[in-house]
Amino acid sequence: MATSKKEITVVLLGKTGYGKSSTGNTLLGAYRFEESNSMSSISKTVVDYSNEDKDCRWRVYDTRGLMDVEKETPYEDFLSICEDITKLMQICKEHSSHITVFLLVFTFINKFSCEDKKSVEWIETIFGKTFFENHCIIVLTREDCFDGNLDNWLQKQTGEFANLVKRCKQRVVPVCNKDIDNNDKRREDSRKKLRSSIIEFKQPTWLCYTFDDYMKQSQERNLALVELELPILDVKYKQEISSVRETRLKLKLKEEALNLHTRIGVLIEDIKRKDNKTGLLDKYIEELEFEKAAIPLKSCKIF
Ligand SMILES: Nc1nc2c(ncn2[C@@H]2O[C@H](COP(=O)(O)OP(=O)(O)O)[C@@H](O)[C@H]2O)c(=O)[nH]1
Ligand SMILES: [Mg+2]
């Protein structure tokens with residue numbers, strides 16, 4: 001009699017070159033995702049493959065590298081990451097799958113950098129405050145380049161990485177994605193270790209990350225987006241406001257006054273849209289409301 005298998009959905013997150021696609025292949029036990037030496041982030045936004053073992057069906061999502069600086073501003077980078085993750089969450093929703101676990105992929109050979117620190121902060125903003133505690137396992141690739149004891153190595157870690165390990169409740173799995181001995185023995189061992197670590201972590205509750213969890217974070221994401229864009233918006237809106245003020249002080253005709261009134265109204269609507277209910281742009285709206293109220297609509301002459 002066919003028994004229903006446990007569906008396990010895994011998402012790989014990390015910087016390009018850290019070994020996400022290779023880890024995905026190790027986990028699936030098959031070469032599905034393209035592995036690459038090049039630092040250009042080749043993985044498309046989201047790709048997924050699945051595979052079954054005796055008890056589980058494994059679906060693995062590989063994502064485009066986080067923090068692959070491609071855009072001109074942090075705002076554009078963050079926006080593009082948010083768009084990718086939103087796509088991922090929508091695809092998962094269409095498959096009606098909740099995400100069982102996120103694998104945060106780092107490597108033994110790269111030191112935890114400022115960029116990594118920033119990506120960790122952004123991951124929290126994107127997914128939520130208890131994301132690391134409830135949904136993540138750290139994967140350290142290139143175990144073949146590591147010669148030592150993992151517990152000792154972890155104890156020596158300090159700063160942000162140590163903090164991340166703590167937040168992930170010491171869930172760290174070293175993997176070797178390289179076929180060292182030509183029979184994939186180490187890779188197979190890594191696959192078994194990864195699969196059992198995921199099951200062990202999740203088995204008590206199978207608490208998954210859902211589309212609703214993601215939607216509950218919308219306001220935080222919006223806030224971060226507006227904050228990141230604020231330096232540019234500040235310059236832009238200050239210029240607009242001073243131009244509005246100059247125009248107001250020179251008003252002569254009623255028609256000019258009406259036009260300015262409309263212009264300010266449009267500007268306010270535009271800022272409200274950008275503000276996205278965060279309140280961060282309220283001060284510009286207030287200044288413009290003041291300008292609008294100061295237009296002498298009645299006293300301007302009509303030709
Ligand atoms: N030696 C070794 N190389 C690895 C390991 N994992 C990944 N790589 C190599 O690192 C490079 C980047 O891997 P890839 O999976 O494409 O990284 P991604 O950009 O994060 O998807 C490739 O050349 C892989 O073969 C590992 O555990 N050991
Ligand atoms: Mg890749």
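Predicted model: local features only at pLDDT ≥ 70, side-chain atom pairs only at ≥ 80, totals over all residues.

Student: What makes α2 and α9 roughly antiparallel?

Tutor: The axes of α2 (residues 74-94) and α9 (residues 218-249) cross at roughly 155° and come within 8 Å. Angles over 145 degrees count as roughly antiparallel, under 35 as roughly parallel, 65 to 115 as roughly perpendicular and the rest as oblique. The value for α2 and α9 therefore makes them roughly antiparallel. Helices here are DSSP runs (H or I, at least four residues), as strands are (E, at least two), numbered from the N terminus. Axes are lines fitted to C-alpha atoms, for helices over the stretch in contact, with angles from 0 to 180 degrees between N-to-C directions.

Student: Which residues make the contact between α2 and α9?

Tutor: On α2 they are Pro74, Tyr75, Phe78, Leu79 and Cys82, and on α9 Arg221, Ala224, Leu225, Leu228 and Glu229. Being in contact requires C-beta atoms, placed from the backbone, within 7 Å. By class, this contact has eight nonpolar, no polar and two charged residues. Ala, Val, Leu, Ile, Met, Phe, Trp, Tyr, Cys and Pro count as nonpolar, Asp, Glu, Lys and Arg as charged, and the others, Gly among them, as polar.

Student: How do you know whether α9 is roughly parallel or antiparallel to α11?

Tutor: Their axes come within 10 Å and cross at roughly 5°. That angle therefore makes α9 roughly parallel to α11. Tyr237, Ile241, Val244, Arg245 and Arg248 of α9 meet Tyr284, Glu287, Leu288 and Glu291 of α11.

Student: Which residues are closest to ligand 1?

Tutor: The closest are Gly19, Lys20, Ser21, Ser22 and Asn177, among 22 residues that surround ligand 1. A residue is near a molecule if its C-beta atom, placed from the backbone, lies within 6 Å of it. α1 gives the most to this shell, with three residues. The shell has four nonpolar, 12 polar and six charged residues.

Student: Why is glycine 17 called partly exposed?

Tutor: Glycine 17, in the loop between β1 (6-14) and α1 (20-28), has 18 other C-beta atoms within 10 Å, so it is partly exposed. Buried needs 20 or more other C-beta atoms within 10 Å, exposed 12 or fewer, and partly exposed is in between, with C-beta atoms placed from the backbone.

Student: Is lysine 277 buried or exposed, and how do you know?

Tutor: Lysine 277 has 11 other C-beta atoms within 10 Å, so it is exposed. Lysine 277 sits in the loop between α10 and α11 (282-293), and its phi is near 60°, a positive value in a residue other than glycine. Most residues other than glycine have a negative phi.

Terms used:
Residues numbered from 1 in each chain as written. Chains lettered and ligands numbered in written order. Contact = placed C-beta atoms within 7 Å.
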